[in-house]
Amino acid sequence: MKTRSVLTALFLVLGALFAPGFGALTGTTPAQAATKITHATATSMFRQAGITWSSSGNCSDRNNATCTSFEQLNLATAQGAQTLKAATGCALNITGGTETGHASGTYSHWNGYKLDYAKATCLTNYVKNTFAYIGVRGDGAPMWQSGSGNVYADEGNHWDVLYYNCGGC
């Protein structure tokens, strides 16, 4: 009886691991819909992690380019910010979210995949000493890629971070 229980459990675990579109060994693809969160949910997550945010307009209206909004941010992006904070121990200040005024595209700010962080020595040193340099983006920004695949672009006065995933959350 014990052997049968162990084998049943083993097959259940293996089935979950390898089930198409479900298991732990399934990768995220662009075709999979991202889970979107509200501005309030994102700010709660950031506050809990000790991450700050600011805007030149002192506002959070998604349709105003001087605001910093997290409306329709991908959950994985918010989790990626939390992972970055925990990994670096650096003070993080988000200066750009899902508001209008950024470049368009599938993996854009508007679509919830990107956050901008204020430039800080701690963050810059972490990115450049921990991640792999992968070259220069089309607009001239040098880029580094984390082990999880997220891309950090140095745009001069801030870091533009593309979150394909939560960074190992």
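Q: Which residues are exposed on the other side of α4?
A: This is a predicted model, to be clear. In it, T121 and N129 are the exposed ones on that side of α4.

Q: And which residues of α4 are buried?
A: Helix α4 runs over residues 121-130, and its buried residues are L123, T124 and V127. Looking down the helix axis, these fall within an arc of 100°, so they line one face of α4.

Q: Why would residues three or four places apart point the same way?
A: An α-helix has 3.6 residues a turn, so residues with that spacing end up pointing the same way.

Q: Switching to disulfides. How many turn up in the whole structure?
A: Three. Counting bonded cysteines along the chain, the pattern is 1-2, 3-4, 5-6.

Q: Is C90 buried or exposed?
A: C90 is buried, at 1% relative accessible area.

Q: OK, what is C59 joined to?
A: C59 is joined to C67, with an S to S distance of 1.9 Å. The S-S torsion here is about -100°, so this link is left-handed. C59 is partly exposed at 26% relative accessible area, whereas C67 is buried at 1%.

Q: And how far apart are the sulfur atoms of C166 and C169?
A: The sulfur atoms of C166 and C169 are 2.1 Å apart. With -85° about the S-S bond, this link is left-handed. C166 counts as buried at 15% relative accessible area, and C169 is exposed at 59%.

Q: Backbone next. What's the phi of N58?
A: N58 has a positive phi of about 55°, although N58 is not a glycine. Most residues other than glycine have a negative phi.

Q: Where is N58 found?
A: N58 is in the loop between β2 (52-53) and β3 (73-74). The residue is exposed, with a relative accessible area of 75%.

Q: And what about Q72, what phi does that one have?
A: Q72 has a positive phi of about 70°, and Q72 is not a glycine either. Its place is in the loop between β2 and β3, where Q72 counts as partly exposed at 34% relative accessibility.

Q: Last topic, pockets. What's the volume of the second largest pocket?
A: About 160 Å³.

Q: How many residues line that second largest pocket, and which lie nearest its centre?
A: The lining has 14 residues, with A103, H109, K114, E155 and D160 nearest the centre. The elements giving two or more residues to this lining are β5 and β9.

Q: What's the makeup of the lining by class?
A: For the second largest pocket, the lining has six charged, six polar and two nonpolar residues.

Technical notes:
Residues numbered from 1 in each chain as written. Predicted model: local features only at pLDDT ≥ 70, side-chain atom pairs only at ≥ 80, totals over all residues. Heavy atoms only, no water. Buried < 20%, exposed > 50% of the residue type's maximum accessible area, 1.4 Å probe, protein only. Helix = DSSP H or I, 4+ residues; strand = E, 2+ residues; numbered from the N terminus. Arc of directions from axis to C-beta. 1 Å grid on protein atoms, 1.4 Å probe; cavity = no way out; pocket = protein on both sides within 12 Å on 5 of 7 lines; lining within 4 Å. Points joined across faces, edges and corners; volume = space filled by probe spheres on them. Nonpolar A, V, L, I, M, F, W, Y, C, P; charged D, E, K, R; others polar. Disulfide = S-S within 2.5 Å.
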